[in-house]
Amino acid sequence: MTAPADSPSATQSMPRWSTVASDELLWCGWSGEYALYHRPSGKTHFVNEAARLLLSQLLREPRSLDEVVAGLARLQGLAPDEGLTGHVAALLLRFEALGLIERA
Amino acid sequence: MSGAGATLRRVADLTGGEWRARLAGEGVGVRVGPFDLRLRVSAGALHEPLRRFYRDHPLLEGEHVFSCHADLREVWHLGRRNGRRIRFSVDGIAPHEDMPAEHGLAVLEWGLNLAIAMRFHSFLILHAAVLERHGRALLLPAWPGHGKTTLCAALAHRGWRLFSDEFGLLRPGTTHMLPVPRPMPLKNQSIEVIRSFAPHAELGPVIPGTRKGTIAHVKPPADSVERAQQTAPAAWIVFPRWSAGTPLSLEETGRSEGFAQLATNAFNYELLGEAAYDTVRSLVTAARCFRLAYSDLEQAVRALDALADDDAG
């Protein structure tokens, strides 16, 4: 039997992500564009304001996709619709592959 | 070892006979910016052009520890590709196949470029021309084909002090550029462009048929060699792009764009890791960043002159 979507057990089964330790990331930026250095990999990534909000604010604590989408929508004055959800989902998978976030 | 306070002789202080004998024999030590090179060249036809190109450079005589030993020797190939070839090696290792002997000058300079780009990682090495005016450095980072060397050669003969047409060199943690003045290789139509633009420029022999087309080198101006130990802080980072018929445009860009372009133009950015990241961040914070599009060399030079003169107040 499948639990209702808003039940605690359903929520607990959703993946949650958080940013890696803050001392693993170095930031510099100008006018909403950022160069992010990831110490463990030695790679530099060029990201925008939305990515910075995700990595340095929203994902400081473990969050699910829905929670991240809601938070980003609030911070950037966007509609938390399917388009935004799809975009954020792709970002989360990409950041995870790059080692910038990890599953809680 | 040369004494730290000793005044060094110049290559021009050697007689022609001394130069040829040493270059073909034990080799000649030459200081090029932060690098102490020992050059050995057996191909006699190259001796006189090299003496002209390096005549203002300090001579390193006696016992010395060199940054690298560059050797260019004639070899003979028998078989399908008969004939005289030239073999370049650094510290005894030949990094590429032998080349046509008539390309010797170009092979030596390309070989020195390779040695610098591959070995000297105590520096952050940007793929950029660098020049100085009013005590401040202009960086021109650009990929091949964007007109960097032609623009650099033009500026170097119009009141800018040449640091390098190829390498923007700085120690990690600083924003001071280091001069590495060497002959500048012009390609194809650029040779006549510079002959017209700067008739007083000293050009070496024209070398046709190289892998990069026809090449002729421009001797670094004497002043740039004499002041090669004087660094300058980076003040302007200009990304040039020559394209036929393009109207002049010098547009200030964001620092984030400057960071991205500079990082991708560095030979050893990833190798140096966090030190490179910090250094590039410091560079784009300290310097103003621009995009330069042009087709008329005179207009481009005047625009950069005005940029430097205006900032100097």
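Student: How many residues of chain B are in contact with chain A, and how many residues of chain A take part?

Tutor: The model is predicted, so local features are described at pLDDT of at least 70 and side-chain atom pairs at pLDDT 80 or more, while totals for chains, interfaces and linings use all residues. Residues are numbered from 1 along each chain as its sequence is written, chains are lettered from A and ligands numbered from 1 in the order in which they are written, and side-chain values use heavy atoms, with hydrogens and water left out.

To the question itself: 14 residues of chain B are in contact with 12 residues of chain A, where contact means heavy atoms within 4.5 Å. The size of an interface is often given as the accessible area lost when the parts come together. Here the area buried between chain B and chain A is about 1,100 Å², and carbon and sulfur atoms give 62% of that area; buried area is the accessible area (1.4 Å probe) that two parts lose on being put together, summed over both. On the side of chain B, the residues that lose the most area to chain A are B:S256, B:E274 and B:Y277, which together give 48% of what that side buries.

Side chains of opposite charge can pair when their charged atoms come close. Between chain B and chain A there are two salt bridges, a salt bridge being a side-chain nitrogen of Lys or Arg within 4 Å of a carboxyl oxygen of Asp or Glu. A salt bridge joins A:K43 to B:E270, with the closest N and O atoms 3.3 Å apart. There are also eight residue pairs in polar contact between chain B and chain A, both residues being at pLDDT 80 or more. A polar contact is a pair of N or O atoms within 3.5 Å; within protein, one must be able to donate a hydrogen and the other to accept it, and residues adjacent in sequence count only if both atoms are side-chain atoms.

Which elements of chain B supply this side? Those that give two or more residues to the side touching chain A are helix 7 (255-264), helix 8 (269-272) and helix 9 (274-286) of chain B. Helix 9 of chain B provides the largest share, six residues. Helices (H or I, at least four residues) and strands (E, at least two) are DSSP runs, numbered from the N terminus.

The side chains of B:E257 and B:R291 meet in a salt bridge (2.8 Å, N to O). This pair links distant parts of the chain, with B:E257 in helix 7 of chain B and B:R291 in strand 17 (residues 288-294) of chain B, 34 residues apart. B:E257 is partly exposed at a relative accessible area of 26%, and B:R291 is likewise partly exposed at 32%. Buried means under 20% relative accessible area, exposed over 50%, and partly exposed in between (1.4 Å probe, protein chains only).

Finally, the partner chain. Chain A has four helices and six strands, which run α-β-β-β-β-α-β-α-α-β from the N terminus on. Of its 104 residues, 38% count as buried.
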